[in-house]
Amino acid sequence: MEFTEAVAGFATGVVVLTVRDGRDDLGTTVTSFMSVSLEPPMVLAGVVSDGYLAEVLRRTPRWAATVLSAEQRALAGRFAAEGRPSARLLLASEPHHRGPVSDALIVDSGLAALECETRQTIEAGDHTLFVAEVLAADYVARRRSPLIRVNRRYLT
């Protein structure tokens, strides 16, 4: 479809979104992520509507978003894979911690990590948009370069 080709050329940052679901941790790679407000600080994340992650995010308002650095291309791929296991397993070999505000897993070596609380959900075609207030910036690492996705490839 021409639309798919057109938006593939739009460069985006790459985020790993994680949420704790009871005893398990879920996560996915997200390229539909943006800042929407400075006061209060708010972000928007787009997630496929018919997946289990969207179901969990609808009932669990607090989650975390780690903005990935250029060195984390392999991690982005692991979190994007079909049939991926628990986020705990995907992060087993990566330095990470649990966010004190969201209780979600946070990768330690990204550009930034935000702990968020969903304020609004919007059904938009095959995705659900989660508009969330940023409750805490877990960390910011300004000296790293971002991981960028464009034309269906990661640029480092």
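This is a predicted model: local features need pLDDT of at least 70, side-chain atom pairs count only at pLDDT 80 or more; totals for chains, interfaces and linings use all residues.
Residues are numbered from 1 along each chain as its sequence is written, and side-chain values use heavy atoms, without hydrogens or water. Local features need pLDDT of at least 70 and side-chain atom pairs count only at pLDDT 80 or more, while totals for chains, interfaces and linings use all residues.

The largest pocket holds about 1,200 Å³ of space. Thr29, Val30, Thr31, Val48 and His127 are the closest to its centre among the 36 lining residues. A pocket here is an open set of points on a 1 Å grid over the protein atoms alone, where a 1.4 Å probe fits, with protein on both sides within 12 Å along at least five of seven lines; lining residues have an atom within 4 Å of a point. The volume is the space filled by probe spheres set on the points, which are joined across faces, edges and corners. Strand E3 (24–30) gives the most to this lining, with 6 residues. Helices (H or I, at least four residues) and strands (E, at least two) are DSSP runs, numbered from the N terminus. By class, the lining of the largest pocket has 17 nonpolar, 12 polar and 7 charged residues. Ala, Val, Leu, Ile, Met, Phe, Trp, Tyr, Cys and Pro count as nonpolar, Asp, Glu, Lys and Arg as charged, and the others, Gly among them, as polar.

The second largest pocket contains about 250 Å³ of space. It has 17 lining residues, with Phe33, Met34, Ser35, Val43 and Leu114 nearest its centre. Its lining has 12 nonpolar, 5 polar and no charged residues.

A salt bridge is a side-chain nitrogen of Lys or Arg within 4 Å of a carboxyl oxygen of Asp or Glu, and the count by this rule is 12. In one of them, Arg152 meets Glu5 at 2.9 Å, N to O. This pair links distant parts of the chain, 147 residues apart: Arg152 is in the loop between E11 and strand E12 (153–155), and Glu5 is in helix H1.

Arg88 forms another salt bridge with Asp25, with the closest N and O atoms 3.2 Å apart. Arg88 lies in helix H4 (residues 87–90) and Asp25 in strand E3, so the pair ties together parts 63 residues apart in sequence. Asp25 is buried at 1% relative accessible area, whereas Arg88 is partly exposed at 37%. Buried means under 20% relative accessible area, exposed over 50%, and partly exposed in between (1.4 Å probe, protein chains only). Salt bridges that share partners join Asp24, Asp25, Arg88 and Arg98 into one network.
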